[in-house]
Amino acid sequence: MAGKNVPKTVSEVLEHFRPLEQEPDVVEMVREEMNVHFFVDDEAYRHKAWCSHCREWVDLKKSKHRAVTTCPNCGEQGDVIHTWRGYKNLVDRTLTYIYSKSAKSSEDTITARAVYMECRWYQENAQHTTYTLPWDIVTYMAVDSYYVFVYGQGAVQTRPVNNSRHSARFGGAQQTISKSINDRLSVYANGCFGQPRHITLAVDEDSIDEAVKDTPFRYVWDEISGSFTDRGTMRAYIQVFSKIAKYPSRWRRWQKWEALPVIGYTS
Ligand SMILES: [Zn+2]
């Protein structure tokens, strides 16, 4: 049974968050996870490219379609797109976990958001006569799910109804309270019709450092940070924090090597 300070409804969950529009830092963290492309739109000037990361026109040393290169301005790596060779299927999707302090009770509560972002780089008008140039493309960004972890009391998660996912084309469904705490990895990583399979999955670990600061969660975080890598990370952190929230006394005693099997993380 969850403690009294664990939110019971979607609106109680949302009280712990500021809207994304008021948090440019969070938006920036999500953008950082996006793939980078260098768009070359003139065959005669193949070394002039627009970098999707710093959004500047730059001079590339080498310009080969789909080859990976580095931006001379911002230093990011990305692939070169010669637009005349076609890039109709170029779609970037990311799901990024960002942690933060609760906007309501920062002393014993931390929160997380899974933010979905989608950029369809090739968009034609309805008559298929023109298309939007890359630098005018608007990126879709929305919070997919919200998590609140109350130390000693439990955790709660909201997600779109029917466990559906966001998309730039259809937006996202209304939020509902999830019966169990889980990551959204599998929902997004599986392809379905009309959706590309590829998605970048990320967790901003620096945001966890900030979120747990001055809360009791920091003791366990100090123990386990850096223990999880790559694909398992997102799932592992969500499970760890929800277990710490629920059973703090057990976690105080445990060391990380005892804790890992408990959350089902084996690699
Ligand atoms: Zn750049």
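Visitor: Which residues point one way from strand S1 (residues 37-40), and which point the other way?
Guide: This is a predicted model. In it, His37 and Phe39 point one way from S1. Phe38 and Val40 point the other way, and all are buried.

Visitor: What makes S1 and S5 a parallel pair?
Guide: Pairing takes at least two bridges. Four bridges join S1 to S5, and the two run parallel. His37, for one, stands opposite Asp79 in S5.

Visitor: What makes S1 and strand S2 (residues 48-51) a pair?
Guide: The cut-off is at least two bridges. S1 and S2 are joined by two bridges and run antiparallel, and that qualifies them as a pair. In S2, Trp50 is the bridge partner of Phe39.

Visitor: Where is Trp84 found?
Guide: Trp84 sits in the loop between strand S5 (77-82) and strand S6 (91-101). In space, Trp84 and Asp41 are 6.9 Å apart, C-alpha to C-alpha. In sequence, 43 residues separate Trp84 and Asp41.

Visitor: Why is strand S7 (residues 109-120) described as largely enclosed by the rest of the structure?
Guide: Count its buried residues. In S7, 12 of the 12 residues are buried, so the strand is largely enclosed by the rest of the structure.

Visitor: Which S7 residues point one way, and which the other way?
Guide: Thr109, Thr111, Arg113, Val115, Met117 and Cys119 point one way. Ile110, Ala112, Ala114, Tyr116, Glu118 and Arg120 point the other way, and all are buried. In a regular strand, side chains alternate between the two faces of the sheet.

Visitor: What makes S6 and S7 a pair?
Guide: At least two bridges are needed. S6 and S7 have 11 and run antiparallel. Across from Arg113 in S7 stands Ile98.

Visitor: How many bridges join S7 and strand S8 (residues 140-150)?
Guide: S7 and S8 pair over 10 bridges, in the antiparallel sense. Val150 in S8 is the bridge partner of Thr109.

Visitor: How do you know which side of helix H4 (residues 205-212) the buried residues are on?
Guide: Those buried residues are Ser207, Ile208, Ala211 and Val212. They cover an arc of only 120° around the axis, which puts them on the same side of H4. An α-helix has 3.6 residues a turn, so residues three or four places apart point the same way.

Visitor: Which residues have the most contacts inside the largest nonpolar core?
Guide: Val148, Phe149, Ala155, Phe217, Tyr237 and Phe241 do, in a core of 45 residues. Helix H6 (residues 232-246) gives the largest share of this core, eight residues. Apart from it lies another core, of seven residues, among them Phe38, Ala49, Cys51 and Ile81.

Visitor: Which residues does Phe217 contact, leaving aside neighbours within four places in sequence?
Guide: Contact asks for C-beta atoms within 7 Å. Phe217 is in contact with Ile110, Tyr151, Val212, Phe241 and Ile244.

Visitor: What share of the contacts with a separation of 6 or more joins residues 24 or more positions apart?
Guide: Such residues account for 61% of them. The protein has eight helices and 11 strands. Of its 267 residues, 33% are buried.

Notes: Residues are numbered from 1 along each chain as its sequence is written. This is a predicted model: local features need pLDDT of at least 70, side-chain atom pairs count only at pLDDT 80 or more; totals for chains, interfaces and linings use all residues. A nonpolar core is a set of buried Ala, Val, Leu, Ile, Met, Phe, Trp, Tyr and Cys residues joined through C-beta atoms within 7 Å. A residue is buried if 20 or more other C-beta atoms lie within 10 Å of its own, exposed if 12 or fewer, and partly exposed in between; C-beta atoms are placed from the backbone. Two residues are in contact if their C-beta atoms, placed from the backbone, lie within 7 Å. The arc is that of the directions from the helix axis to the C-beta atoms.
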